[in-house]
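Subject: Structure handover

Hello,

Here is the structure we spoke about. Please open it alongside this note; the findings follow below.

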Amino acid sequence: MPKSKVRKKSVYTPPEGVLPASAARAQAAQPSPRWYAPVMVGLMLLGLLWIVVYYVAGDRIPLMTTLGPWNFAIGFGAMVAGLVMSMRWR
């Protein structure tokens with residue numbers, strides 16, 4: 001079987017003045033602050049703990065009884081906030 005011909009393309013370079021000088025240089029991503037990871041993990045654990053406590057003793061805690069099904073929103077909201085933080089963690 002005959003081999004196909006390979007076409008060589010030149011590398012594209014944009015014309016001068018199209019990109020500003022600051023945008024041409026890639027910025028290095030800064031690492032997250034030291035408090036970021038503990039807050040992220042803490043939110044995920046707090047959300048999990050909130051839901052577990054609601055299942056185990058929710059009928060004996062007046063605040064959780066008052067909130068009713070909103071306890072799930074609080075627990076899952078804290079966990080989702082931790083997960084969203086994990087996507088931006090460096």
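A helix here is a DSSP run of type H or I with at least four residues, and helices are numbered from the N terminus. By that rule, Leu-48 falls in helix H2. Please keep in mind that this is a predicted model.

Helix H2

H2 covers residues 36-57, and Leu-45 is part of it. Its length checks out. At 1.5 Å a residue, the 22 residues of H2 should span 32 Å, and the end C-alpha atoms are 31 Å apart, so the two agree.

Which residues of H2 are buried? They are Tyr-36, Met-40, Gly-47, Ile-51 and Ala-57. Helix H4 is included in what covers them.

The nonpolar patch

Leu-45 has 52% relative accessibility. The cut-off for exposed is over 50%, so Leu-45 counts as exposed. Leu-48 comes to 46%, and therefore counts as partly exposed.

Both leucines belong to a nonpolar patch on the surface.

One distance for Leu-48: its C-alpha atom is separated from that of Val-11 by 52 Å. Those two residues are 37 apart along the chain.

Helix H4

H4 runs over residues 70-87 and contains Asn-71. Is Asn-71 buried or exposed? Its relative accessible area is 0%, so Asn-71 is buried. Leaving aside neighbours within four places in sequence, Asn-71 is in contact with Trp-50, Tyr-54 and Met-64.

Phe-72 is another matter. With a relative accessible area of 27%, Phe-72 is partly exposed.

Aromatic pairs

How many aromatic pairs does the structure hold? There are four. One of them joins Tyr-54 and Phe-72. The geometry is edge-to-face: 5.2 Å centre to centre, with 85° between the planes. This pair links distant parts of the chain, with Tyr-54 in helix H2 and Phe-72 in helix H4, 18 residues apart.

Ring pairs also bring in Tyr-55, giving a cluster of Tyr-54, Tyr-55 and Phe-72.

Best regards

Definitions and conventions:
Residues numbered from 1 in each chain as written. Predicted model: local features only at pLDDT ≥ 70, side-chain atom pairs only at ≥ 80, totals over all residues. Heavy atoms only, no water. Patch = residues over 30% accessible without salt bridge, like charges linked within 9 Å, V, L, I, M, F, W, Y side chains within 5 Å. Areas by Shrake-Rupley, 256 points an atom, 1.4 Å probe, with all protein chains shown as cover. Salt bridge = Lys/Arg side-chain N within 4 Å of Asp/Glu carboxyl O. Helix = DSSP H or I, 4+ residues; strand = E, 2+ residues; numbered from the N terminus. Buried < 20%, exposed > 50% of the residue type's maximum accessible area, 1.4 Å probe, protein only. Contact = heavy atoms within 4.5 Å. Expected span 1.5 Å × (residues − 1). Phe/Tyr/Trp six-rings, centres within 6.5 Å; stacked < 30°, edge-to-face > 60°.
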